[in-house]
Amino acid sequence: MDDYGTESESDYTSYWRDWFISLRGNEYFCEIDEEYLTDRFNLTGLNTEVQYYQYALDLVTDMFDLDCDDEMRETIEKSARHLYGLVHARYIVTTRGLAKMLEKYKKGDFGKCPRVMCNSHPLLPMGLSDVPNLKPVKLYCARCEDTYNPKSSRHASIDGAYFGTSFHNILFQVYPTLVPAKSVERYVPRVYGFKVHAAAALMRWQDAQRASMRRKLRKMEVESGFKDNEAEELEDDEGEEDEEDEDNDVEIDDDIDEAGEEHPGQLTRYRGAGPVTIAGSGGGASSVPSAFSGDAHMGSVA
Amino acid sequence: MSTSSGTPESWISSFCSLLGHEYFAEVSEEFIEDDFNLTGLQNQVAMYKEALEMILDVEPEEDEEDEDEEEDEDEEDVSGDVGDGTTRRERRHHSRVASDLSVIESSAEMLYGLIHQRFICSRAGIQQMAEKYELGHFGVCPRTNCNQARTLPVGLSDIPGEDTVKLFCPSCLDVYVPPNSRFQTVDGAFFGRTFGALFLLTFPEYDLSRSAAEAAASLGRAADEQGMINGMYACNIAPGLGRDKIYEPRIYGFRVSELSRSGPRMQWLRDKPDDMSLLDEARRYHAEHDDDEDSDDDHSRSTRYSRRSTARRRPGGGGARQRQIQRQTQNGSPMAIEANGAESEL
């Protein structure tokens with residue numbers, strides 16, 4: 001930012017946008033196409049938002065040839081940046097803009113999610129408001145679906161309205177395959193290995209919320225997008241009724257464990273993957289209902 | 001990594017003032033000198049005795065050693081000007097020390113870290129960490145809705161060499177990577193898994209939602225307006241979570257539907273009940289089940305859930321058995337989370 005005075009002197013006449021996005025701190029911006037900028041329709045309403053709108057636009061499109069003093073130029077320069085930001089918010093939700101931002105997203109230009117369980121998932125810039133000068137830019141992680149403050153203070157001063165509240169959500173609407181698999185993995189506060197009651201109770205409640213959301217999604221036949229524990233959680237709803245029988249079944253299953261060797265194998269398969277293997281392990285328990293097979297076993301022991 | 005020879009500063013304080021060691025508390029010498037506190041560390045650290053001497057600034061061979069270390073810095077490659085016999089004898093002795101010095105130094109750092117893990121869970125240590133917390137030495141939560149709540153340094157493992165230090169935010173009960181890369185060389189085991197949660201239990205009256213600056217401005221704490229739930233002040237259980245603190249994705253002002261493929265799926269992670277007394281499972285259980293005393297809490301919860309989900313049983317009748325498998329995989333815990341506790345037994 002400090003060196004813009006000298007750099008703009010030499011560079012702005014030819015490639016103002018190039019220079020602008022290469023500035024330190026402007027890494028989040030992508031370059032807006034010339035055609036997009038010159039189409040007046042795309043700039044509707046911005047003339048009331050930006051001071052010296054015409055000069056600023058000329059500067060952004062490298063048409064600026066006004067002879068003026070430094071102070072004036074600086075004001076226009078500031079306006080040009082503001083204008084660029086506002087157009088940027090509109091541009092990045094267009095097809096070309098989305099593609100450009102997607103490239104930057106894939107390269108990790110916007111940083112990595114600070115949440116440990118997100119494993120450095122790339123972030124996307126976003127605003128909490130579409131009105132300029134209200135909130136600085138935030139970063140959105142598609143994995144934990146939360147927003148974070150940028151690490152660096154030079155990014156924290158960028159206006160969030162230059163990215164808008166919709167961009168990152170539109171991106172995933174347009175490219176649904178990019179939605180990352182969600183994970184139920186999380187941090188569990190512990191003291192000497194023991195869970196802390198208050199936190200554990202809250203997490204149990206949260207897990208119940210998640211389970212009910214997933215039930216709802218399943219009823220509507222919508223992909224829930226969780227990559228792990230798919231089976232376990234669905235099991236949770238289904239197996240609950242058998243709670244009463246469980247104590248009996250524990251012994252029975254142990255017996256089977258010793259007798260038939262297929263059981264541990266099922267266990268690992270069960271851990272590993274989705275509902276398909278569950279159906280398999282259900283079959284593995286033989287088509288006879290487990291209670292029945294248990295009874296038969298007990299009978300033979302007696 | 002200087003040994004601080006010649007300066008009045010102790011090894012401990014010079015270690016703690018190194019770049020990237022800002023999270024460390026200064027372990028008191030009394031704590032280190034008590035052998036009980038060091039139980040079992042001999043086997044974990046190479047050159048244990050030398051490392052311990054270095055930490056405590058004990059000179060193994062009185063003042064001769066001190067001279068050697070000074071020479072080590074000034075005259076490493078200018079060995080020609082060492083004249084008389086006594087110095088030559090010292091240098092011969094010194095060369096052995098120099099080769100071991102870096103080993104001892106790294107051992108000392110490891111040992112200090114492991115002692116530190118224990119120290120910050122002691123009364124004096126946690127007090128010192130509380131002071132650092134109040135001064136905001138550990139940084140703030142990067143999550144927008146946590147509103148700059150102060151964090152605590154924690155490890156995800158108690159075994160050194162497994163993971164680097166992380167920041168635990170008491171406001172959202174989540175862990176984050178420290179923003180500065182210099183902390184990515186600090187071992188998480190030097191803080192340990194226990195400290196973060198123990199801190200919250202030790203100082204229940206901290207206003208966790210407040211950032212360092214605000215807390216310094218107004219010292220009055222109004223934590224006791226709500227009651228205790230599950231052993232903590234209700235207002236201090238994850239103050240950064242719950243309604244209004246969950247990010248809601250919107251497109252042009254319209255919320256993205258949960259039924260959309262890219263709709264919200266992780267809101268549970270940042271959710272909490274509006275009425276925190278819902279979490280008081282034991283009390284609720286007794287309110288609901290006055291008659292049957294024999295079944296446990298876990299049981300009552302699952303039967304409650306089962307009422308909601310009776311219609312969703314899969315045909316085949318293997319349900320009970322799969323539950324049993326599930327029981328085994330989850331180690332009996334109602335939470336479907338990998339038991340981190342297992343590794344502490346290693």
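In chain A of this predicted model, strand β1(A) pairs with strand β2, residues 138-141, in the antiparallel sense, and four bridges join the two.

Please look next at the faces of strand β1 of chain A, which spans residues 123-126. Both faces are covered. Leu123(A) and Pro125(A) are buried on one side, and Leu124(A) and Met126(A) are buried on the other.

I remain with chain A and turn to a helix. His82(A) is found in helix α4, which runs over residues 70-91. Is His82(A) buried or exposed? The relative accessible area of His82(A) is 14%. Buried means under 20%, so His82(A) counts as buried. Which residues does His82(A) touch, if we leave out those up to four places away in sequence? They are Glu49(A), Val50(A), Pro132(A) and Tyr162(A).

Let us now move to chain B. Here three strands form an open sheet, with antiparallel pairing, in the order β1-β2-β3. The edge strands of chain B are β1, residues 152-154, and β3, residues 174-176, and each of them pairs on one side only. From one strand to the next, the twist averages 40°.

Within this sheet, β1(B) pairs with strand β2 of chain B, residues 166-169, in the antiparallel sense over three bridges. For Leu152(B), the bridge partner in β2(B) is Phe168(B). Finally, helix α7 of chain B, residues 194-202, packs on the sheet and touches β1 and β2 of chain B. The direction of helix α7 makes about 145° with that of β1(B).

Notes: Residues are numbered from 1 along each chain as its sequence is written. Chains are lettered from A and ligands numbered from 1 in the order in which they are written. This is a predicted model: local features need pLDDT of at least 70, side-chain atom pairs count only at pLDDT 80 or more; totals for chains, interfaces and linings use all residues. Side-chain values use heavy atoms; hydrogens and water are left out. Buried means under 20% relative accessible area, exposed over 50%, partly exposed in between (1.4 Å probe, protein chains only). Contact means heavy atoms within 4.5 Å. Two strands pair if DSSP finds at least two bridges between them. Axes are lines fitted to C-alpha atoms, for helices over the stretch in contact, and angles run from 0 to 180 degrees between N-to-C directions.
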